[in-house]
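Thanks for coming. I will go through a few parts of one structure, so please keep the picture in view while I talk.

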Amino acid sequence: MSETKALEAMIGEEYKYGFSTDVEYEDFPKGINEDVVRLISQKKNEPEWMTEFRLKAYRAWIEMEEPSWFNATYQKPKFDTLQYYSAPKNKPKLDSLDDVDPKIRETYEKLGIPLEEQKMLSGVAVDAVFDSVSIFTSFKEKLAEAGVIFCSISEAVQNYPELVKKHMGSVVPIRDNFYAALNSAVFSDGSFCYVPKDTICPMELSTYFRINNMNSGQFERTLIIAEDNSQVSYLEGCTAPMYDEHQLHAAVVELVAMENAEIKYSTIQNWYSGDEDGKGGIYNFVTKRGICKGDNSKISWTQLETGSAVTLKYPSVILKGDNSVGEFFSVAVTNKMQQADTGTKMIHLGKNTKSTIISKGISAGRSNNSYRGQVKISKKAENARNYSQCDSMLIGQTCGAHTFPYIESANPTGKIEHEATTSRVGEEQIFYLQQRGLSEDDAISLIVNGFCKEVLKELPMEFAVEANKLLGIKLEGSVG
Amino acid sequence: MLEIKDLHVVVEEDGTEILKGVNLKVNKGEIHAIMGPNGSGKSTLAKIAAGHPEYEVTKGDILYNGESILEMDPDERAHAGIFLAFQYPVEVPGVTNTTLLRESYNTIANSRGREELDPLEFDDYIKDKLELVQMNPDFLERSVNAGFSGGEKKRNEIFQMAVLQPKLSLLDETDSGLDIDALKIVANGINQLHGEDDAVVLITHYQRLLNYIEPDFVHVMIGGKIVKSGDKTLAYKLEEQGYDWLEAHAKVNGEAV
């Protein structure tokens, strides 16, 4: 293969989800004001309380300033030209897969997410969100037998209003931050999951987010509630077409774990990251937070962040119940001109609460990768424990890695440990593996996988292989 | 098998010339020892033969089985059967020895049109090799060279050689840092692996390794050149007299040392 061809093949491989789907969209005005917020609510046929929730959020949002404290620079989104709601034209909400627009079905097939239940990974239920609306949720009946509710948030507003009303905004309040407020005003869809008392969810739940429309933002809202003695594992995956313009993705995820409940939330984020010069790519500004409300509850966040032009994301746990456990396992990979400022917050309120943070940042190209984490032990949190480990790996000479840990302890019995390392993938390391027969790309992939092992093993089995591959593809050709 | 012709090599970064016209011919079935004082260019010779990116060939050629390998990437040279046992084996945290070795073995097997081995077959295959260097099976599940003692790292190199079965093994100071027991184990391993179809080049400071591995030829390298070649008796002479007499000899020949 000639050098140019090899190069082209590599670039082609780099982001294989960059295609767009040609579907007809419903008309919707651009920009945002109270009428737009009302219109979204109306489109979704929402009850009055939901409309009020949105309006309250909108009014809070217009008073708020866009934050700029993070270690990233970018052009601010133009909120007045953004389209806040984008739904494919035909078909109202569907119960049968036959009703899904074939083009959209094809999109998911291309992404490797077949919507036919028999073709799916066994034991994984999928909710597919295309731009602003949920397209299809699989295995609904099987889950219903176990008493688990898994549906789009729009359906939940219609069918389980009491649950939504009680919990939405309880973990991430409307005014929490600029983007959470915006999301609360204009969120379009997302997933809802409710696991009743004494129930172990019989399968992995998964939502697959796809931004297709060029001018639309995606504002999804996810709410997961695990009642006493229940367990659930949930995974989200994200891709988007390649456009020259930046697209905004501002999600809110709320998790509620009651007594003895356990929620495991995993993310494989592979939004389009922009080109070599930082043109295009997704702004990934999301607020994710869980509360361990009941005693002995546990929330784990595992994330593999490989995409997006700019990522600002801090999945957090409020450890309210005594003996509750919070975990954060993260791999953030940045290449080219990507910027990631990501980490977690562990807020210890209950006694004997325990948190673990394992963060692996990998930077290549001209990218910038920051870990930002807060560990807070409140006065009443007797015997709280935290262990944090933040490792950074640099590939090449033109990237940056940063660590910003914030530690606050108001209780003398608290124990906080923090370890941090920085290493560089050296020429010598690559040469060693090449001498053992591996290609340069395989060598880097192996080194990186080794570096991330502790985190990758936390991903659900079904996705671990995919994650390994993704890391390899992401860093292909990143060394001279 | 290996033919090095008037090889001149510089450090790519600053252009310092390290090898100043090396000639060496290694045939199948032979063991060669290259000796010489620190900084004479012995390790560079091994590294450049394996394709280390830090160095650049400015003149001369390296032929392997009659063909120039200068344009080949390090992995292609490995596929062709060239193996370098590193003087300072590199750590790869989080990657187990088994993972690396299986990937190496299968990549090389694949390039030579041989069957790849699945994890179970591979386990069987490497068990014997482990005994060769007397290493505990636990060792397979440890991260490559991470936290290994100096001796363990060197033994690991020979273990890798045993698994990958190269045609040409370049062993760069595999003996340094080994205690006498480990030295015997390593030497015994190399002897057992060596046969009529492969060649071994030992790079060493000390004659003591040659007590256990008998070389067919001994070369002395000084100032980036091979200044003297002979049989194993040359090694004894070096042990007794050091390199001074040869350095003087090199100067007489008009080379700055």
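I start where two helices of chain B touch: Ile126(B), Lys129(B), Leu130(B) and Leu132(B) of helix 4 meet Phe159(B), Ala162(B) and Val163(B) of helix 5. Keep in mind that this is a predicted model. An α-helix has 3.6 residues a turn, so residues three or four places apart point the same way.

How do we describe such a pair? Two packed helices are described by the angle between their axes and the distance between the axes. For helix 4 and helix 5 (residues 150-164) of chain B, the axes come within 9 Å and cross at roughly 140 degrees. Angles over 145 degrees would count as roughly antiparallel, and 65 to 115 as roughly perpendicular; helix 4 and helix 5 of chain B are therefore oblique to each other. The crossing of helix 4 past helix 5 of chain B is right-handed.

Now helix 4 of chain B by itself. Its 14 residues, 119-132, should span 20 Å at 1.5 Å a residue, and the end C-alpha atoms are 20 Å apart, so the two agree. Where does helix 4 of chain B bend? At Ile126(B), by about 25 degrees. Ile126(B) is also one of the residues that meet helix 5 of chain B. After helix 4 of chain B comes Gln134(B), with a positive phi near 50 degrees.

In chain B, 6 strands form an open sheet in the order 6-9-10-3-11-12, with mixed pairing. Strand 6 (82-85) and strand 12 (225-230) of chain B are the edge strands, each pairing on one side only. From one strand to the next, the twist averages 20 degrees. At one end of that order, strand 11 (residues 217-222) and strand 12 of chain B run antiparallel, joined by 5 bridges. His219(B) has Ser229(B), in strand 12 of chain B, as its bridge partner.

Strand 1 (residues 2-11) and strand 4 (residues 55-64) of chain B pair antiparallel over 8 bridges, with Leu2(B) opposite Tyr64(B). Strand 4 of chain B is also joined, by 2 bridges, to strand 5 (residues 67-68) of chain B, again antiparallel. There Leu63(B) stands opposite Ser68(B). This hairpin has 2 residues between the strands, and Asn65(B) takes a positive phi near 50 degrees.

Terms used. Residues numbered from 1 in each chain as written. Chains lettered and ligands numbered in written order. Predicted model: local features only at pLDDT ≥ 70, side-chain atom pairs only at ≥ 80, totals over all residues. Helix = DSSP H or I, 4+ residues; strand = E, 2+ residues; numbered from the N terminus. Expected span 1.5 Å × (residues − 1). Bend = angle between axes of the 7 residues up to and from the residue. Pairing = 2+ DSSP bridges. Axes fitted to C-alpha atoms, helices over the stretch in contact; angles between N-to-C directions. Parallel < 35°, antiparallel > 145°, perpendicular 65-115°, else oblique. Left-handed = near helix turned anticlockwise from the far one by under 90°. Contact = placed C-beta atoms within 7 Å.
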